[in-house]
Amino acid sequence: MPDTTARIVSLRAAGTCFVVELSEPVPRVLHWGPDLGELSGEDAAALVLTAEAAVLNNAMDAPRRFTVWPTEAEGWSGTPAHAGHLAGTAAAPRLHTLATSSRQEPGGGGELTIELADDTSGLDFTLRYTLDPSGVLAVATGVTRRGGADPAPYDLSQVTTLLPLPRRATELLDFTGKWSRERSPQRRPLNHGTHARELRRGKPGLDSPYLVTVGTPGFGFRDGEVWAVHLAWSGDQRYLVERLPEGAGTHAAVLGGGELLRAGEIRLGPGDSYQAPVCHYAWSDEGLDGLADRFHTLLRNRPTHPRTPRPVILNSWEAVYFDHDLDRLLRLAERAAEVGVERFVLDDGWFSGRRSDHAGLGDWTVDPVVWPGGLTPLVDHVRALGMEFGLWVEPEMVNLDSDLAREHPDWVLGPAAGVGPAARHQHVLDLANPDVWEYLLDALDGLVEKYAIGYLKWDHNREVHEAVHGPADRPTAHGQVTALYRLLDTLKERHPGLEIESCASGGGRIDLGILSRTDRVWASDCNDPVERQAIQRWTAQLLPPELIGSHVGPATSHTTDRFSTDTFRLATALFGHAGIEWDITGCTPQELARLTAWTALYREVRPLLHSGRTVRADLEDAVLLHGVVAQDGASALYAWARVATSPEGQWGRVALPGLDPGSRYRIRVRTDLGEPSWHQTGGPAWLTAALDGWVTLPGTVLAVAGVPMPTLNPDQAMLLEVRRTG
């Protein structure tokens with residue numbers, strides 16, 4: 001076979017690889033998935049030889065190919081990589097390669113850049129594939145209209161990044177949800193046709209697909225081969241998995257995503273460019289936990305990833321709501337400091353005219369009636385108690401009952417015919433308007449500067465509909481997001497130590513685009529521990545625990561009205577960036593003692609929780625076993641939780657995931673938060689001993705054979721600490 005090594009690029013890292021043949025006129029994808037090793041000339045030639053599919057009956061007279069930029073010119077009948085037109089013409093692109101370059105990193109990973117051109121439309125395309133040492137493949141795409149081209153604008157309606165899937169990937173997992181029930185998983189078989197998820201909410205939304213995963217049948221947390229994509233974009237989105245009867249070259253299906261562009265939004269004149277959001281792809285042969293580990297490693301290796309210990313937070317919302325009484329808040333701060341809180345956050349209600357959610361949004365000045373001395377008395381008191389001070393803001397929104405809306409009605413985003421219906425009594429500001437953008441930057445900059453604020457809880461409490469502006473109703477959904485990014489970037493440049501939380505009615509804006517500019521997310525407005533067990537479990541499919549806000553609330557949840565014990569609530573909130581959402585001035589001495597023990601436990605275990613590997617067992621929905629194992633395997637913390645009753649009386653032996661079968665371990669039950677309520681009269685024997693102290697067991701028992709687990713009553717959790725001996 002001829003030597004094809006020179007035209008084969010293989011990016012390899014952490015047991016995965018991405019292989020492209022620099023063929024003409026457009027390079028094609030040969031492989032994405034398990035590492036094929038260092039390809040010799042003979043190996044590369046074999047891969048190219050086997051990349052030719054059969055010529056089918058009643059089909060093209062040449063084998064179909066799946067290229068890096070699939071179009072109908074190659075006989076591709078699926079979703080094209082891009083779509084658009086030049087004043088009704090140039091709708092059949094014929095691309096060719098302009099240039100390619102690649103580099104390999106010594107420690108794994110590398111980059112491949114491919115430059116393509118379509119002379120008919122005058123468009124140039126740049127594809128940049130970057131394989132991180134974690135094994136996550138980032139694909140960035142840019143589209144540029146050449147200078148000197150036809151002055152008529154090219155209307156770009158779609159750019160979609162697509163990678164191939166093998167025939168064995170036949171089961172699909174993505175997510176849906178609603179307020180207080182985000183990231184609810186849904187599975188289905190991958191059949192012929194297009195499975196598309198389109199989001200027109202101006203943000204990923206509470207029903208975000210989040211991480212679209214396709215895998216071998218029955219894949220779980222601990223096993224199965226999986227391929228996944230995440231779109232790093234905080235606006236309208238489109239994900240798809242597509243399987244055609246004729247396949248995709250020698251591949252069976254494709255997986256992809258891109259920004260959902262509104263009609264007429266991206267019009268490229270000569271010299272104009274469009275940068276598509278980055279798509280992050282990952283493969284794992286160790287199930288969903290292996291996939292999560294890749295993304296957690298990617299995020300933790302970012303230069304902007306939080307490096308300081310994640311402080312215990314008290315957020316004032318569920319403690320006082322809009323009742324901003326200084327004396328009450330001073331007492332709340334004092335009690336917070338007593339139980340071990342490290343950051344006090346003043347939520348909604350502090351700014352001008354804000355006595356309810358009907359008015360005040362947009363007027364980012366401290367209310368002189370409620371706060372005659374400004375925020376200084378509270379801020380100074382919080383700092384004197386040894387805590388950081390944070391503040392809630394919702395800069396992108398406006399109430400029509402506000403000075404800002406009355407003075408600048410044209411700053412409200414919407415059609416010239418008038419704004420549409422309110423949501424939560426509010427509308428959206430036109431961030432793409434330079435005057436609006438400057439106003440918000442000045443207001444936020446002034447607040448942060450005046451009060452030396454170290455933390456902003458940045459909210460976004462409605463969907464963005466009719467995202468048009470100006471007398472001609474020009475679409476600006478894309479511009480709204482890029483303006484938000486510039487606002488966040490500029491604010492952080494001016495205040496390098498500032499941390500920002502992404503909140504959007506809870507977990508409605510969680511994506512790697514917003515997280516490249518923020519420091520954590522609010523997973524959900526729901527602090528009910530039953531719901532939170534599931535929400536945090538699946539939020540962790542993409543994000544490590546230290547980026548996930550997890551607060552303990554009062555005994556009766558304000559979102560579900562369900563009562564739960566403090567032991568269960570505290571154990572649930574431990575596995576994240578922990579905080580309190582509760583009027584703890586009304587707590588009993590016993591509750592305060594348990595809160596204090598909880599914050600002490602969190603400070604003890606957060607080095608492990610915020611650096612280790614997240615692991616989850618594949619069990620029935622009534623019980624959950626999840627935990628974090630240190631990267632070196634020397635320690636672990638698990639939660640055994642029951643969220644509902646079940647017919648089973650005994651669970652039998654359950655293996656603790658992530659431990660080394662060849663090691664020996666000590667294990668004990670952490671009772672700092674109290675014992676759970678048992679649905680049994682005693683045992684198992686090992687557990688009885690572990691409640692009194694350390695029990696030594698071999699890894700073969702803990703990680704392979706498993707140990708019999710106790711039967712808990714519903715809405716209960718037990719913490720297990722494991723340490724390697726020797």
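Guide: A nonpolar core is a set of buried Ala, Val, Leu, Ile, Met, Phe, Trp, Tyr and Cys residues joined through side-chain atoms within 4.5 Å. Buried means under 20% relative accessible area, with a 1.4 Å probe and protein chains only. This is a predicted model, where local features need pLDDT of at least 70, side-chain atom pairs count only at pLDDT 80 or more, and totals for chains, interfaces and linings use all residues. Residues are numbered from 1 along each chain as its sequence is written, and side-chain values use heavy atoms, without hydrogens and water.

Visitor: How many residues has the largest nonpolar core?

Guide: It has 153 residues, and Y129 and W350 have the most contacts inside it. Helix α7 (residues 434–451) gives the largest share, nine residues. Helices (H or I, at least four residues) and strands (E, at least two) are DSSP runs, numbered from the N terminus.

Visitor: Which residues is W350 in contact with, leaving aside neighbours within four places in sequence?

Guide: Contact means heavy atoms within 4.5 Å. Among the partners of W350 are H324, W364, W371, W392 and L447.

Visitor: How do strands of a sheet pair, and in what order do β1, β2 and β3 lie?

Guide: Strands pair through backbone hydrogen bonds, either parallel or antiparallel. DSSP must find at least two bridges between two strands. Here the open sheet runs β1-β2-β3, with antiparallel pairing. Its edge strands are β1 (8–13) and β3 (28–34). Six bridges link β1 to β2 (residues 16–21). I8 stands opposite E21 in β2.

Visitor: Which strands form a hairpin with six residues between them?

Guide: β33 and β34 do. Four bridges join β33 (residues 613–616) to β34 (residues 623–629). V615 stands opposite G627 in β34.

Note on methods. Buried means under 20% relative accessible area, exposed over 50%, partly exposed in between (1.4 Å probe, protein chains only).
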